[in-house]
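Open the model in the viewer and keep the selection tool at hand. The stops below go from one selection to the next.

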Amino acid sequence: MALKHLLKRGALLVAANWQLVVIQFVAETTFQVLIAVPIVGAAILVAVLLGTDLAILLQGSLREMFTTIASALVSEPVALVSFVAAFTVVLLGGSALMFVVKGGTVEVLAAATADAEPIERQPLTIDLLKHASRFTLQRFMDGCARLFRPYIGLGVALMIVYAASIGGYLAFVAYGYRAVEGRALIIGWTFIAAVAAALLVAWFTVVNLLYLLVQIAVAVERVSLGEGCRAAARFIRAEFRELAAVFFIVAALVVAATLASALAWSGVGLIAFVPLVGLAVFPLQIAALILRGVVFEYLGLTALGAYLTLYQGYAARRGEAEQPSAGLPRRAEVAINPVKRVLLHARKREHVAAVE
């Protein structure tokens with residue numbers, strides 16, 4: 001399948017099963033809200049106990065808020081441990097929710113990919129999308145139940161890799177700054193630290209791709225997590241070029257969407273300085289956040305549909321290659337494999353000699 005048809009098929013399958021986009025968006029929003037609860041509570045606690053400005057504590061992303069609050073609580077060990085414990089509990093619970101929801105999403109999209117006709121080569125109509133829809137609540141829940149354990153185990157492994165990578169990066173940066181402190185090399189080290197941060201982001205992107213491919217292998221092959229990892233490795237070796245092409249195109253689309261959302265967000269921010277009209281900023285910001293979240297979920301599921309199409313095509317070709325030898329009679333199979341025939345005769349002679 002051509003690359004454009006591959007991506008088009010993924011996009012059309014996601015559009016036909018649009019309920020998955022809504023479910024993924026709601027789950028992602030719920031996860032972010034759950035993460036924000038202990039952060040906001042800790043920010044209020046720090047503002048009351050230490051007299052820190054609440055607006056300063058709640059600036060930036062969730063990661064920046066966490067770092068700021070943790071730094072402010074260093075002088076209060078009990079409060080710091082309580083904050084980290086609460087954040088960890090919420091993080092684990094929210095992550096488990098995302099892993100379970102992903103199981104149902106992969107199950108529905110895999111069924112749609114396997115059953116749908118070649119919609120990427122046909123004129124786009126509403127009836128065509130209806131025929132490609134495979135979403136039912138029962139199928140989604142069955143996928144969540146079937147893939148619950150392997151996806152939880154895979155998610156735990158992903159979090160361990162994340163934690164080890166972040167810990168290694170922080171240790172590298174801290175040791176480097178301590179080594180060059182007060183020297184003329186500090187400017188060069190700042191550049192090296194920036195490059196290391198970019199490499200960390202690239203590493204996380206590759207890890208997320210491998211994580212997604214293992215999810216696909218486990219769902220399609222209906223195997224355990226270990227066998228799914230081996231199946232994903234074989235799939236990567238067989239379809240490396242196509243996987244790389246889809247990955248880079250989707251990454252480019254995500255970067256373009258990020259830049260477009262940043263420009264739109266800055267434009268909305270300029271409206272806040274206009275008298276009276278600035279009152280409309282808040283609903284516009286909410287609408288922009290919803291639109292941004294839906295677009296990013298759609299892009300992610302489009303990539304998932306393209307990878308599923310690649311994997312199912314790879315599995316079908318592998319099955320066709322194994323089918324002829326599996327269907328041959330025993331005599332023909334031994335004739336095809338002379339090594340096996342020689343070994344059988346040798347074992348027979350050894351057995352006869354042992355009996356004599």
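Select Glu221 and Arg318. In this predicted model the two form a salt bridge, and their closest N and O atoms are 2.8 Å apart. Glu221 belongs to helix 9 and Arg318 to helix 12 (residues 281–327), so the pair ties together parts that are 97 residues apart in sequence. Check the surface at both ends. Glu221 counts as partly exposed, at 23% relative accessibility. Arg318 is partly exposed too, with a relative accessible area of 24%.

Which of the terms buried, partly exposed or exposed applies to Glu239? Glu239 is buried, because its relative accessible area is 8% and the limit for that class is under 20%. Arg317, at 45% relative accessibility, counts as partly exposed.

**The network around Arg222**

Next, select Glu107, Arg146 and Arg222 together. Salt bridges that share partners join these three residues into one network. In general, side chains of opposite charge can pair when their charged atoms come close.

Begin with Glu107 and Arg222. Their salt bridge has its closest N and O atoms 3.7 Å apart. Glu107 is in helix 5 and Arg222 in the loop between helix 9 (186–221) and helix 10 (225–238), so the pair ties together parts that are 115 residues apart in sequence. Is each end of this pair buried or exposed? Glu107 counts as buried, at 15% relative accessibility, whereas Arg222 counts as exposed, at 55%.

While Arg222 is selected, look at its backbone. Its phi is near 55 degrees, a positive value in a residue other than glycine. As background, most residues other than glycine have a negative phi.

Now move to Arg146, which is placed in helix 7 (residues 137–146). At 29% relative accessibility, Arg146 counts as partly exposed. Show what surrounds this residue: leaving aside neighbours within four places in sequence, Arg146 is in contact with Glu107, Val218, Ala219 and Arg222. The C-alpha atoms of Arg146 and Gly103 are separated by 7.8 Å, and the two residues are 43 apart along the chain.

To finish with the charged pairs, run a salt-bridge search on everything. How many salt bridges does a search of the whole structure find? The search finds six.

**Helix 5 and its partners**

The crossing of the two helices is right-handed.

For the side chains at this crossing, select Arg9, Leu13 and Val14 on helix 1, together with Leu109, Ala112 and Thr113 on helix 5; these residues make the contact. By class, the residues of this contact divide into four nonpolar, one polar and one charged.

The contact of helix 2 with helix 5 has 19 nonpolar, five polar and two charged residues.

**The whole chain**

Finally, clear the selection and colour by secondary structure. The protein has 14 helices and zero strands. Switch to colouring by accessibility: buried residues make up 33% of the 356 residues in the protein. Among contacts between residues at least 6 apart in sequence, 75% join residues at least 24 apart.

Key: Residues are numbered from 1 along each chain as its sequence is written. This is a predicted model: local features need pLDDT of at least 70, side-chain atom pairs count only at pLDDT 80 or more; totals for chains, interfaces and linings use all residues. Side-chain values use heavy atoms; hydrogens and water are left out. A crossing is left-handed if the near helix is turned anticlockwise from the far one by less than a right angle, and right-handed if clockwise. Helices (H or I, at least four residues) and strands (E, at least two) are DSSP runs, numbered from the N terminus. Contact means heavy atoms within 4.5 Å. Ala, Val, Leu, Ile, Met, Phe, Trp, Tyr, Cys and Pro count as nonpolar, Asp, Glu, Lys and Arg as charged, and the others, Gly among them, as polar. A salt bridge is a side-chain nitrogen of Lys or Arg within 4 Å of a carboxyl oxygen of Asp or Glu. Buried means under 20% relative accessible area, exposed over 50%, partly exposed in between (1.4 Å probe, protein chains only).
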